[in-house]
Amino acid sequence: MKTWTSHKLSLPTKTPAFATMLSSSDFASASWELVVQVDHPNEEEQKDITLRVSGDLHVGGVMLKLVEQINISQDWSDFALWWEQKRCWLLKTHWTLDKYGVQADAKLLFTPQHKMLRLRLPNVKTVRLRVSFSAVVFKAVSDICRALNIRRSEELSLLKPSSDYFKKKKKKDKNNKEPIIEDILNLECSPTISGSPVSPGLYSKTMTPTYDPVNGTPASSTMTWFSDSPLTEQNCSILAFSQPPQSPEALADMYQPRSLVDKAKLNAGWLDSSRSLMEQGIQEDEQLLLRFKYYTFFDLNPKYDAVRINQLYEQARWAILLEEIDCTEEEMLIFAALQYHISKLSLSAEIQDFTNESEVDEVEAALSNLEVTLEGGKMDNALEDITDIPKLADNLKLFRPKKLVLKAFKQYWFVFKDTSIAYFKNKELEQGEPVEKLNLRGCEVVPDVNVAGRKFGIKLLIPVADGMNEVYLRCDHENQYAQWMAACILASKGKTMADSSYQPEVLNILSFLRMKNRNLASPVASNLENMDVNPECFVSPRCAKKHKSKQLAARILEAHQNVAQMPLVEAKLRFIQAWQSLPEFGLTYYLVRFKGSKKDDILGVSYNRLIKIDAATGIPITTWRFTNMKQWNVNWEIRQVAIEFDQNVSIAFTCLSADCKIVHEYIGGYIFLSTRSKDQNETLDEDLFHKLTGGQE
């Protein structure tokens, strides 16, 4: 346990205060009275017990004396001492009171380390379970995820919701509290005690549950392996299936951030991963949000990740519905069609039927899963045929934005080779010097597409020393766009078109375009009556206000025809992929003041870069990439984060909307996640995580 790393311990050299010392010869001259409150689970009130101790008595001895004096026969193994004034646990039982600096005025509490906590999951379901209040949050989240059968716990964390989060709900009458209480999934007996050999939860290394690849239900035989698990088959289905859509009224009552400053407020409550819940003032039975914090979803596999995929889909769904991330109306309708499809399949009785596909050979299953597995973190380097790296060559249009100049695209002959694009005035000049050569390694690639308007554009943000070089490319048709877009995406990651992921990427882009393609000749009108769910449930309240209900239903059903044949898990993965393709995906915002600046700015933190954004206009000003980062540190006295990059670029800022430790941890956390590789299995270097995120030597 490293609960102590962030504390400076006072190590007294003298005997503690003698204020309460007795002069009786029965006691050693150095002994003194220590009052300890006992948090007994069977008693309504805490009661005080006075012990006679000396500075050289170790913590374990204090606990032994306490248990003897309480004289109640029960298992005390989960109890430990909590020091109220210093807000720390005394977990090193071999340390003496002197070494900890405990004196007669110390207020100690003898209390269980594991307490009940209510967690609101991304699917708005509340789970109540027993969680360690003494382990660091990183470890506590790992135990929670094991109990809930969510792999890759390092991607999630606990968020203390801001007062705004429940603000609108408080306006409602008190009767609305009842359904929330009924909605709690109580896993009180869940064994999330660290290192417990019993009940590893539904997920463990040796016995991994297998899910039906079509409908995502756990294979029934899997459930019997974990008879002690707090998750029954029914509970697992609650976490692995999406909830019915909320009513438009309930949606309108939820908090929606209206500006980047509002979005920054939502991220202020992330808990410190290097400290325990108790150290951060979390009370027993308090409600926290369990959320995906880091947007790099590593090894997302339908075979093992039914709960994880569903919770990820739900987090994406709410981000779209509450406009925490911006998207076009065309994209909103695609998201609506996928939600409608997923809710239809989730309610269907056929979903409950187990198919024989879970018996598929392991190798075949792994191969088929490759098609839907999402990228994330550090990918394996595919073998490339270096003798023949393919190239693209075609006429495209180019535009460079300049102030006070209208958007005018000019045609050039483009050649894409390795990870660079060169362009020439025409095809005949290809063997000569290009007009310009653009190196795309490390660049941002943003889709600029409107399928209905036949616009297929690619926006490239190419890093230069003082920010970003912005270039727009325009393609003529879908196939050309898919090939060039896929090449740009791979090049930004340092890969060429010879990489094995190039063709799947092209097909993936084409399938998205097909989903956006509106089939105007389709007989949608006859199906309008069949849409038994209110169409306003599937779009943001602002989007719903723009359209009449029938018009919205017709457009959702129109878009639904492109996804109607998808199995449930694939539809969820498609939704997640579409979310990942949005320009603002993965950006977490903070209000900051840069050193030397007289105004506040927004800092966007992503998995691979930091972006300085104008708080008033939302326009990006400068981007700094983690790959160019040399070092980062924090001045804890003035709460300032300082970062050095290549080419003598350095920045420093103070964080106004949250503690600077939260931003520091985000940067270190993303760098930690980029070190993951497939051959690591499930083991994580927790020490490295704390070293990169802790901010303390």
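Predicted model: local features only at pLDDT ≥ 70, side-chain atom pairs only at ≥ 80, totals over all residues.
Local features need pLDDT of at least 70 and side-chain atom pairs pLDDT 80 or more, while totals for chains, interfaces and linings use all residues. Residues are numbered from 1 along each chain as its sequence is written, and side-chain values use heavy atoms, without hydrogens and water.

Strand β15 spans residues 444-450. Strands are DSSP runs of E with at least two residues, and helices are runs of H or I with at least four, numbered from the N terminus. β15 runs antiparallel to β16 (residues 455-464), joined by seven bridges; pairing requires at least two DSSP bridges. Val445 stands opposite Leu460.

Glu330 belongs to helix α11 (residues 329-347). Glu330 counts as buried because its relative accessibility is 15%. Its contacts (heavy atoms within 4.5 Å) beyond four places in sequence are Val449, Asn450, Val451, Ala452 and Lys516. The Glu330 side chain reaches the backbone nitrogen of Ala452 at 3.2 Å.

Four cavities of 30 Å³ or more were counted. A cavity is a set of points on a 1 Å grid over the protein atoms alone where a 1.4 Å probe fits but cannot get out; lining residues have an atom within 4 Å of a point. The largest cavity has a volume of about 730 Å³. Its lining holds 35 residues, with Leu266, Arg291, Gln315, Ala319 and Glu324 closest to the centre.

Terms used:
Buried < 20%, exposed > 50% of the residue type's maximum accessible area, 1.4 Å probe, protein only. Polar contact = N/O pair within 3.5 Å; in protein donor to acceptor, adjacent residues only side chain to side chain. 1 Å grid on protein atoms, 1.4 Å probe; cavity = no way out; pocket = protein on both sides within 12 Å on 5 of 7 lines; lining within 4 Å. Points joined across faces, edges and corners; volume = space filled by probe spheres on them.
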